[in-house]
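Please read it with the structure open.

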Amino acid sequence: MPDVTAAPQTDLSAYTTLRLGGPAGILTVATETDQVVASVRNATAEGRPVLILAGGSNVVIGDGGFDGMVVLLRNRGVRVVEEHADSVVVRVAAGEPWDDFVAYAVERGLSGVECLSGIPGSAGATPIQNVGAYGQEVGHTIVAVHAYDREHGTIRVMPPSECGFAYRASVFKHNDRFVVLEVDFRLARSAESAPIRYAELARNLGVEAGDRVPLQLARDTVLKLRAGKGMVLDSDDRDTWSVGSFFTNPVVGADEWAALGLDAPHWPGDDGTVKIPAAWLIENAGFPKGFAGDGVAISSKHTLALTNRGAGTTESLLALARTVRDGVRERFGVELRPEPVLINCAL
Ligand SMILES: Cc1cc2nc3c(=O)[nH]c(=O)nc-3n(C[C@H](O)[C@H](O)[C@H](O)COP(=O)(O)OP(=O)(O)OC[C@H]3O[C@@H](n4cnc5c(N)ncnc54)[C@H](O)[C@@H]3O)c2cc1C
């Protein structure tokens with residue numbers, strides 16, 4: 001996540017992985033958890049709109065910026081709060097960079113988040129959309145979310161049953177009631193990964209789905225796969241100036257899937273739903289990798305990533321997103337929905 005100096009810039013493009021977004025009304029940097037609560041409480045009391053921003057890797061902020069208080073989360077810390085024979089519970093401060101925590105877990109022989117290696121952003125944002133990749137989701141390991149409840153002005157400890165974790169969703173997404181302060185993860189004491197569930201990862205590891213591999217090998221392989229798709233941040237590589245996947249994979253009911261009559265790859269869910277890869281829909285609707293808009297383009301490495309090539313604006317990024325969304329709708333009758341949170345702008 002970008003370093004914050006004593007005199008932070010107020011142009012929000014400095015704090016988003018898209019390098020887009022206009023000015024903040026006021027920007028405050030919170031390096032302690034108490035400070036996060038105090039900043040949000042004061043802004044609320046003064047009637048100012050509040051935007052919580054951490055790694056800026058899942059937000060699209062309008063060119064007009066955010067006319068309120070932006071609280072940049074930079075509270076750090078990782079500590080073991082429970083030890084058991086076969087597991088530990090680790091409490092991670094919201095502003096802790098996510099991948100530093102994954103590296104910490106792998107180094108200490110703690111299993112459960114290794115396939116989430118290389119995902120940008122903060123630990124505290126992971127519950128927001130139940131971050132997931134390569135067969136793991138944080139909803140599998142989170143045992144509690146410590147959140148400031150703006151409605152009641154209190155700090156709550158929320159078990160997973162209150163978090164509503166689902167595919168790239170939770171009670172926290174598109175809901176500014178809760179500010180995540182810390183997250184507790186239960187990790188297994190194991191030098192081996194959790195069973196590998198994702199076919200592409202298993203293939204690259206040379207194992208069968210369901211097998212386990214050494215933690216470090218799982219991490220290294222995921223990082224390599226992600227880097228090949230421009231899914232690990234690299235400031236020199238504009239294919240990574242993105243929010244990762246711009247669209248979620250559409251999930252439709254079995255009847256709708258049958259009615260669509262698509263000869264497309266798909267993943268049947270346990271509940272009778274069918275998930276369709278958005279990347280396949282986009283490519284087959286006529287939008288290949290590298291498809292360009294005005295200063296923006298589909299990544300040359302991954303069809304799902306819309307990227308700023310350096311001269312883009314939020315409006316030009318959204319124009320490209322609309323072209324893709326409308327093209328997919330016309331060709332296949334399927335609606336693509338954005339994965340990032342849109343702030344002061346709309347698709
Ligand atoms: C190259 C790349 C690859 C990616 N790959 C993946 C992937 O594989 N899987 C995946 O799930 N995501 C992926 N993402 C998306 C993103 O990294 C994650 O969603 C990440 O968790 C966002 O963290 P952040 O700190 O950057 O959140 P931000 O972008 O700062 O915030 C995102 C949203 O969460 C809110 N928020 C953030 N922190 C808090 C908090 N503590 N309390 C309350 N609200 C908060 C913000 O207000 C905003 O609405 C990728 C992004 C990029 C750029």
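Two strands pair if DSSP finds at least two bridges between them. Helices (H or I, at least four residues) and strands (E, at least two) are DSSP runs, numbered from the N terminus. By that rule, S14 and strand S15 (residues 274-275) pair in the antiparallel sense, over 2 bridges.

This is a predicted model: local features need pLDDT of at least 70, side-chain atom pairs count only at pLDDT 80 or more, and totals for chains, interfaces and linings use all residues. Residues are numbered from 1 along each chain as its sequence is written, and side-chain values use heavy atoms, with hydrogens and water left out.

S15 and S14 belong to an open sheet of 3 strands, with the order S13-S15-S14 and antiparallel pairing. Strand S13 (251-252) and strand S14 (267-268) stand at the edges. Each has a single partner strand, so one side of each is left without a neighbour in the sheet. Pro268 stands opposite Val274 in S15.

**The ligand site**

A residue is near a molecule if one of its heavy atoms lies within 4 Å of it. The ligand has 33 residues around it, and Ile52, Ala54, Ser57, Ser122 and Val180 come nearest. The shell divides into 18 nonpolar, 12 polar and 3 charged residues. Here Ala, Val, Leu, Ile, Met, Phe, Trp, Tyr, Cys and Pro count as nonpolar, Asp, Glu, Lys and Arg as charged, and the others, Gly among them, as polar.

Which backbone atoms lie close to ligand N or O atoms, and at what distance?

Taken alone, the ligand exposes 970 Å², and the protein buries 94% of that. Accessible areas come from the Shrake-Rupley method with a 1.4 Å probe; for residues, only the protein chains shown count as cover. Strand S2 (50-53), strand S8 (132-133) and strand S12 (178-189) are the elements that give two or more residues to the shell. S12 supplies the largest share, 3 residues.

**S5, S6 and S12**

S12 also pairs with S6, in the antiparallel sense, over 7 bridges. In that pairing, the partner of Val89 is Arg186 in S12. Strand S6 (residues 87-93) is also joined to strand S5 (residues 78-83) by 5 bridges, and the two run antiparallel. S5 and S6 form a hairpin with 3 residues between them. Glu83 stands opposite Val88, and Val78 has Val92 as its bridge partner in S6.

Is S6 covered or open? Of its 7 residues, 7 are buried. Buried means under 20% relative accessible area, exposed over 50%, and partly exposed in between (1.4 Å probe, protein chains only). Both faces are covered: Ser87, Val89, Arg91 and Ala93 are buried on one side, and Val88, Val90 and Val92 on the other.

**Arg219 and its partners**

Arg219 sits in helix H4 (residues 215-228). At 10% relative accessibility, Arg219 counts as buried. Its side chain makes a polar contact of 2.9 Å with that of Asp99. A second, of 3.1 Å, joins the side chains of Arg219 and Ser117. A polar contact is a pair of N or O atoms within 3.5 Å; within protein, one must be able to donate a hydrogen and the other to accept it, and residues adjacent in sequence count only if both atoms are side-chain atoms.

Most residues other than glycine have a negative phi. Arg168 is found in the loop between strand S11 (154-158) and S12, and His174 lies in the loop between S11 and S12. Arg168 is buried, because its relative accessibility is 12%. His174 is exposed, because its relative accessible area is 63%.

**Cysteines and an exposed alanine**

The structure holds 0 disulfides (pairs of cysteine sulfur atoms within 2.5 Å). Cys115 is buried at 2% relative accessibility, and Cys163 at 0%.

Ala258 is in helix H5 (residues 254-260). At 56% relative accessibility, Ala258 counts as exposed. Its C-alpha atom is separated by 21 Å from that of Gly327, 69 residues apart along the chain.
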